[in-house]
Structures are given as structure tokens and as C-alpha cells.
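Student: Could you walk me through a few spots in this model? I'm new to it.

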Amino acid sequence: MAAPRGGSVRGLVTMVLLLWLALSLRGAALAAPSPPAEEGQGASAEGVLLLRAVALPGEAPSRQGEQDQERLLRALEDSVDRYATPLQLLGTAPYYSNAQALELVLSYDDVITEAAARYDVEKTMVQAVLFQEIRFLNLLDEVDYFVEATHTYLQRREDYGTSARQGPLSTLPPLPPLVYRLDSSTGLGQIFADTAIQAINWQTGQALYDSGDWHDIRAVWSRLRRDDIYNIHMVALVLSHKRSILQTAGSEGEPSAADIMQAYNGTGELSRRYREVVCGYYAAFQQYENG
């Protein structure tokens, strides 16, 4: 999701207020007990965020590897500098720096390689999209709290209805949340559950999930939010699905990587700016991967 553009005082005040809200929500979320992770799940996005300054396990890169990563980081920084506005930099300040976003992407190299191969997309497209979504995680992406509150309300309302059919109740029905939101872009790749469901159903050729059923939205959204490995695989699958859509809609050959990555983000002016910056990342990762 893109941060708001513009340099007005009004926009700055709005961003500061959103910063305060985001930090308040994050503090409340960290204070609350986390639900147990399902067996086989990867580390949660929150866990990665809290530990982002800690060195990741594994062998230290060689001197040559360090130099390659430094060159990659400089190339990515050049693209970020050309893209980011002052308000975007303010909005992303509480989250990941360029170096931290790159470190996180590289830490999942094996997962990205596997996901790209499974869904037949270029690894560097997955890397480019992930870097953008992680680096530009911003205050306007802080809606996961409202989605969880909505899912909790719907479950309590359903449970209340079941109990009411079994006999008189002494309690009042649950109150809806102040902000009702069923879905949002979430996790490392900032993917909507509805987008993932469309891609999954396309890939399997079956209606495994129903976007009109909030239970299915909750199931997919919750896993996208908490399971980084699943989320990365969905990035690759969504890119593959977008390529298929472009192939069906177009009449002139194979869609380019730029077309596919733009489609990942959406349409309109914001997606065109997204295309420009991820193409810069894509070229940088191509150089890094191919030496």
C-alpha cells in the first residue's frame, strides 16, 4: 500500500496523528498475548519486526558476498531515493530501513527460490516486490488490528446466535467494532486475503475458498499475517496469477516483468509509480543474482 503523497501542512499533521495511532496500536498488540502458532508456521511478521536488529542465524557471508550485498544495497537505495516523498519517509520511519528490508529479504532466500520455482516466476520479481512492500510498510497499513477486531466480533455474534437458538440468554449481543474491516493487505507481501483466494482457486482449478464467506477470509488472512513462509509463497502465486490474467487480456506476446509487478499493485497512477520503483529493484536483484 502506498503512503499519501504531497507536502502540505495538513498532510504532515495527518501523518503525525497516524504515527501516534500506529504506535499506540502496536503497543497494545505487543502487550496482548499472542495466539499460539500453528505447527510448521514461519516466524510472524511482528516477531521479525521486533528482532530486526538481531543478526540472523547462518554462516557469515564471504568478503566478496559482503561487497555484492553492499553494491545491491546502494542500487536499491538509489531507487528508493528517486521514489520516496518526505511524507512516505515519515510514515515508514517506525518500520524498516533500506538495510533492514534487504536483510529480511535475503534471510528468506531459500524460501523465495522455492516459491519462485513452484509457481514458475522469476525469483528477482519476488525479491523486488517483497523489498518494496517491506521497505514501505507505513502508517496506513496499520489496519490489521481492525480486521482482527471485526473477525472476533463476527465469531462472537455467530456464537451468540447459536446460544440464542438453544434457549433464553442472560447476556446482551456483542457490539460491533468501531471500525468494521473484513480484509486488508497484510504480512511481508502486503496481500489481501481476497487476492490470495483468487490466486489459490485459479492455481488449483477448484473453489477451495469463497471470498464471500468471512470464515474463509479470516482463515486465509490470519495465515497471511502470521506465517511469513506462506505469505512469500502467496507473493509468487499472485505474480503467477497476474501474469495469467495479463496473458488472457493481452494480444501481443508475453507480458513483461514490469507489467506483472505493476499488476501486483493494482492500476492507476500509484501503480505506475510502483512499477517504476520495483523495476529498479528488479534490475538490482538481477545484477546481484547473476553476478
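What follows is a chat about a few residues and a helix.

Tutor: This is a predicted model, in which local features need pLDDT of at least 70, side-chain atom pairs count only at pLDDT 80 or more, and totals for chains, interfaces and linings use all residues. Residues are numbered from 1 along each chain as its sequence is written, and side-chain values use heavy atoms, with hydrogens and water left out.

Student: OK, where does Lys123 sit?

Tutor: Lys123 belongs to helix α7, residues 123-135; helices here are DSSP runs of H or I with at least four residues, numbered from the N terminus.

Student: And is Lys123 buried or exposed?

Tutor: Lys123 counts as buried because its relative accessibility is 18%, and buried means under 20% relative accessible area, exposed over 50%, and partly exposed in between, using a 1.4 Å probe and protein chains only.

Student: Which residues does Lys123 touch?

Tutor: Leaving aside residues up to four places away in sequence, Lys123 touches Asp109, Ile112, Thr113, Ala116 and Glu289, where contact means heavy atoms within 4.5 Å.

Student: Switching topic, what about helix α13?

Tutor: Helix α13 covers residues 269-290, 22 residues in total, and reaches 32 Å from its first C-alpha to its last, close to the 32 Å expected at 1.5 Å a residue; that expected span is 1.5 Å times one less than the number of residues.

Student: Which of its residues are buried?

Tutor: Among them are Tyr274, Val277, Val278 and Tyr281.

Student: What comes just after α13?

Tutor: Gly291 follows, with a positive phi of about 75°.

Conventions. Helix = DSSP H or I, 4+ residues; strand = E, 2+ residues; numbered from the N terminus.
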